Amino acid sequence: MKQGILFDLDGTLWDSSRQVVEAWNEVLAKQADVKRRITVEDMQSFMGLPMDEIGRRCFQEENLTPERIREIMKTCEAYENEYIRQHGGLLFPHVEEVLQELSKNYVLAVVSNCQVGYIEAFLEYHKLSPYISDHESFGNTGLQKGDNIRLVCERNHFEQAVYVGDIQGDYDSACKAGIPFILAGYGFGSVDADVPVINNLTELPRVVRTCLEEGPT
């Protein structure tokens with residue numbers, strides 16, 4: 001039976017909020033019509049949202065047109081990708097060893113609401129590509145996370161799959177895709193549902209086994 005584990009990225013596998021804030025504020029400092037500066041707390045509250053929604057929340061008080069917001073966001077996204085390729089982010093404990101272990105028995109993928117190039121920069125800097133067989137993003141498809149989860153499951157022909165994330169939107173997306181959900185309890189948010197929880201990634205192999213043994217999706 002072909003089984004997959006799909007991961008959210010921010011708040012589940014790593015925390016890049018400090019690096020992203022540094023990159024964005026460098027860009028924003030060069031925009032004459034923007035006074036806004038981003039904090040780490042801001043970024044952690046935004047992570048997991050589609051990029052267009054992040055842009056709206058960031059600049060809603062700046063009196064900017066939607067077209068100008070999109071222009072600023074694209075500049076921030078491009079510089080952010082390059083910055084992360086050079087600086088990486090903060091991996092949560094045991095990421096590589098757990099991915100290595102899981103990849104022996106499951107197909108691993110990352111599905112995130114990020115821009116094109118962000119997942120790639122994560123994999124490149126931290127040298128995790130050998131363990132991740134597929135990935136998808138809002139920036140690549142323009143689809144919401146639930147649709148991207150379903151897309152990855154379908155093209156990999158998973159008979160069973162589970163999604164691991166850290167916020168309510170991740171849970172809602174897994175439900176939309178019709179697969180079970182595991183909450184990364186150490187992440188940025190919480191879930192208003194009775195779901196399996198891990199407090200450390202080393203707990204994931206055991207919880208995945210239990211989750212998938214309950215039956216096919």
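Biologist: Leaving aside its neighbours within four places in sequence, which residues is Arg68 in contact with?
Modeller: Gln31 and Asp33. Keep in mind that this is a predicted model.
Biologist: What does the side chain of Arg68 do with the side chain of Asp33?
Modeller: The two side chains make a polar contact, at 2.8 Å.
Biologist: And where does Arg68 sit?
Modeller: Arg68 belongs to helix α4, which covers residues 66–87.
Biologist: Is Arg68 buried or exposed?
Modeller: Arg68 is buried: its relative accessible area is 17%, and the cut-off for buried is under 20%.
Biologist: Okay, new topic. How about Trp24: buried or exposed?
Modeller: Trp24 is buried, with a relative accessible area of 1%. Its place is in helix α1, residues 17–28.
Biologist: What is Trp24 in contact with, apart from its neighbours within four places in sequence?
Modeller: Ile38, Met43, Met51, Ile54, Cys58, Met73, Cys76 and Glu80.
Biologist: How far is Trp24 from Thr75, going by C-alpha atoms?
Modeller: Their C-alpha atoms are separated by 8.7 Å, while along the chain the two residues are 51 apart.
Biologist: Let's do pockets. What volume does the largest pocket have?
Modeller: About 320 Å³.
Biologist: Which residues lie nearest its centre?
Modeller: Met51, Asp52, Arg70, Met73 and Glu77, out of 17 lining residues.
Biologist: How does the lining of the largest pocket split by class?
Modeller: There are 8 nonpolar, 4 polar and 5 charged residues in the lining.
Biologist: Zooming out now, how many helices and strands does the protein chain have?
Modeller: The count is 10 helices and 8 strands.
Biologist: And why call the chain as compact as a globular protein of that length?
Modeller: Because its radius of gyration is 17 Å, close to the 17 Å that the globule rule gives for 217 residues. Along the principal axes, the C-alpha atoms fill a box of roughly 55 × 30 × 30 Å.
Biologist: What share of the residues is buried?
Modeller: Buried residues make up 53% of the 217.
Biologist: Last one: of the contacts with a separation of 6 or more, what share joins residues 24 or more positions apart?
Modeller: For the protein chain, that share is 67%.

How values were computed
Residues numbered from 1 in each chain as written. Predicted model: local features only at pLDDT ≥ 70, side-chain atom pairs only at ≥ 80, totals over all residues. Heavy atoms only, no water. Helix = DSSP H or I, 4+ residues; strand = E, 2+ residues; numbered from the N terminus. Buried < 20%, exposed > 50% of the residue type's maximum accessible area, 1.4 Å probe, protein only. Polar contact = N/O pair within 3.5 Å; in protein donor to acceptor, adjacent residues only side chain to side chain. Contact = heavy atoms within 4.5 Å. 1 Å grid on protein atoms, 1.4 Å probe; cavity = no way out; pocket = protein on both sides within 12 Å on 5 of 7 lines; lining within 4 Å. Points joined across faces, edges and corners; volume = space filled by probe spheres on them. Nonpolar A, V, L, I, M, F, W, Y, C, P; charged D, E, K, R; others polar. Rg over C-alpha atoms; globule rule 2.2 N^0.38 Å.
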